[in-house]
Structures are given as structure tokens and as C-alpha cells.
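Dear colleague,

My notes on its strands and helices follow it.

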Amino acid sequence: MVSSSLASTLLGLLALSPTALSLRPSPGCGKTPSLVTSSSTTTPLRITSNNKQREFFVRLPPNYNSSTPHRVIFTLHALGGTAQQVIAGQGGYLPYYGLPPLANSSSTPTVFIVPNGLNNGWQNTNGEDVTFLRSVLSTVESDLCIDQDLRFSTGFSYGAAMSYSLACSLGKEIRAVAALSGNPQISGCAAGSEAVAYYGQHGTTDNVLPLAQARQMRDRFLRNNGCAAGQAEPAVPAAGSQRKVKTVYGGCLPDKPVVFVVFDGGHVPTPREPGESETFAHRETWEFFRQFT
């Protein structure tokens, strides 16, 4: 139950900006956290799911406030990776996929959840990883003040496939996903009929998970999100150009956009265009996510 003082604060803020605040604060709003601390970025939290002990890490924003509903973002590692690599920005990753510096400038603070997959992957056998991540959400939202309308997921490769799987299985519970070089089969897609805001990104010369598979993922949400039928496949960037082609699809439900970026390159989480000192992946992901707050 939300305290009367917290409810008054929420209503007051809503009156100032009708689209800035969710009406679904989590059970942790107004509570002093008893589970998540500042050390949860380096010391794993553990729960039992499907009779297996699973672990995850949580990064709180600076000056966490239990009276403010926070955005929450899963950042999921690739096959062979670990949550610790995502946190540290090792093994080809940017820390938390490069999102915290961008999120810190937002009026809606962000909590990052970084889980470890089984056997360094997200096989999601019989849906067990969906069950695990749903349990993680419930655990975190009972302890922290989370905006339950602002749940997101991103990841590269297997992490992209698992983000896609979450969009399929938790369509009514996930606001948007950003799938970076994923595949529709390796983590599966149970249900998969709900509209979810979808950002996809993939390389033209990806010989690990081919571009055609990313298009299948995109096409599911073009259908689910009511986007205009018959839109032509956009041209890909020229070979050797290192450029990207970004397509924002038309006719989608107003709050369920679909964006697809194809870049000249392979199976990499941090592609760059010529002359850029850093990847565009985190900027495009954040541009997509932040429109919902």
C-alpha cells in the first residue's frame, strides 16, 4: 500500500506533468530497502528459481529516493559472458551497455538489473529464464520504488535473444526492448502476440546470427504493433562503408514504435560509423527507451 504522503506526492507531480509519471508504483515505494544496497553492484543477490540458485546484481542510481518511481532496465550478457563483464565493461561490452551516463541525465532515475544466465547463456529451457527474470523483477520491485510501466531490457547476441523472449512472454509487463544482433530461436518466443515497443540492430555481415533472423524478430513486432503492412525492406548500407541505415516504421500504434538499424559490419556489440570515436549502439538504445518517460 502506498502511504498517504507518497500518494500526495505522486498526484502532485502528475498534475504538473501528466505523461511524466506512471500510476503504477511498485510495492517497494516508500520503503527503506532491506535487500538492495550500494554493494549490490559487486555482491550478487540470490534467489531460487526452478529449484536452481540464480544470481543477479543491481545498480542503484546516485541518491536513490524510495519516494520516486524509477525506470528499470535489464542488461543481459551474450553467450559465454557474465553479468560481471557487463558491469565492468569487459569482454567487448560497455558498462551496462553504455546506458548509465545517458540515463543519469534523465528526469526519471534508472535502476539496472544484471543477471547471470545458466551456463553463461540464456537457453530458457521450458521458459525457466523467463520465470527467473520475472522473479527478479518481483523481488526488486518489492524492495525498491520502481515504475511498473517502465520496464525495459537490452542485450547483445544471446542477451538480445533473451530480451526478445521477454517481449514475447511478458508483453503486457515490458515497455520496450532493444535487441542487439539477436536471433528468434535460441531463447524462444512463448506467446508472442502482444505489442511491445521494439528496437532491433544488426550487422550485414554477421556470420554468427544472420541478418535474416533479426528481420524475423522485427517482423513479429511490426505485426503485433499494428504497423502499416507492405512496407518495403529498406536498403542496407554499402559494403565497406561502415555506415548504418536506421528505419523508423510507419503506422504503428502510437506508443508501440518499431525501429530497426542495419549497419555494415559483423557480430559486434559496439559498431561505429566512420569518424565516430564511440559506438552508436548505446545512443540509439537510449533514444528509443527515453521516449516513454
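How many bridges join strand E1 to E2, and do they run parallel or antiparallel? Strand E1 (residues 45-49) is joined to E2 by five bridges, and the two run antiparallel. Please bear in mind that this is a predicted model. Within this pair, leucine 45 has phenylalanine 56 of E2 opposite it. The hairpin that E1 and E2 form has two residues between its strands, and asparagine 50 there adopts a positive phi near 55 degrees.

Strand E2 also pairs with strand E4 (residues 110-115), again with antiparallel strands, through four bridges. Here phenylalanine 57 has valine 114 in E4 as its bridge partner. As for burial, strand E2 (residues 52-59) is largely enclosed by the rest of the structure, because six of its eight residues are buried, a term that applies under 20% relative accessible area.

These strands belong to an open sheet of nine strands with mixed pairing, in the order E1-E2-E4-E3-E5-E6-E7-E9-E8. At its edges are E1 and strand E8 (244-248), each of which pairs on one side only. From one strand to the next, the twist averages 20 degrees.

Further along the sheet, five bridges link strand E6 (residues 176-180) with strand E7 (residues 197-203), and this pairing is in the parallel sense. In it, alanine 176 lies opposite alanine 197 of E7. Helix H6 (residues 211-224) packs on the sheet and touches E6, E7 and strand E9 (258-263). The direction of H6 makes about 170 degrees with that of E9.

Another helix, H4 (residues 128-143), lies across E1, E2, strand E3 (70-76), E4 and strand E5 (146-156). Relative to E2, H4 runs at about 50 degrees.

Finally, how do H4 and helix H5 (residues 158-169) meet, and at roughly what angle do their axes cross? Their axes come within 10 Å and cross at roughly 80 degrees. H4 is therefore roughly perpendicular to H5, a description used for angles of 65 to 115 degrees. On the H4 side, the contact is made by Asp129, Val130, Leu133 and Arg134; on the H5 side, it is made by Met162, Ser165, Leu166 and Ser169. Of the residues in this contact of H4 with H5, four are nonpolar, two are polar and two are charged.

With kind regards

Terms used: Residues are numbered from 1 along each chain as its sequence is written. This is a predicted model: local features need pLDDT of at least 70, side-chain atom pairs count only at pLDDT 80 or more; totals for chains, interfaces and linings use all residues. Side-chain values use heavy atoms; hydrogens and water are left out. Buried means under 20% relative accessible area, exposed over 50%, partly exposed in between (1.4 Å probe, protein chains only). Two strands pair if DSSP finds at least two bridges between them. Axes are lines fitted to C-alpha atoms, for helices over the stretch in contact, and angles run from 0 to 180 degrees between N-to-C directions. Contact means heavy atoms within 4.5 Å. Angles under 35 degrees count as roughly parallel, over 145 as roughly antiparallel, 65 to 115 as roughly perpendicular and the rest as oblique. Ala, Val, Leu, Ile, Met, Phe, Trp, Tyr, Cys and Pro count as nonpolar, Asp, Glu, Lys and Arg as charged, and the others, Gly among them, as polar.
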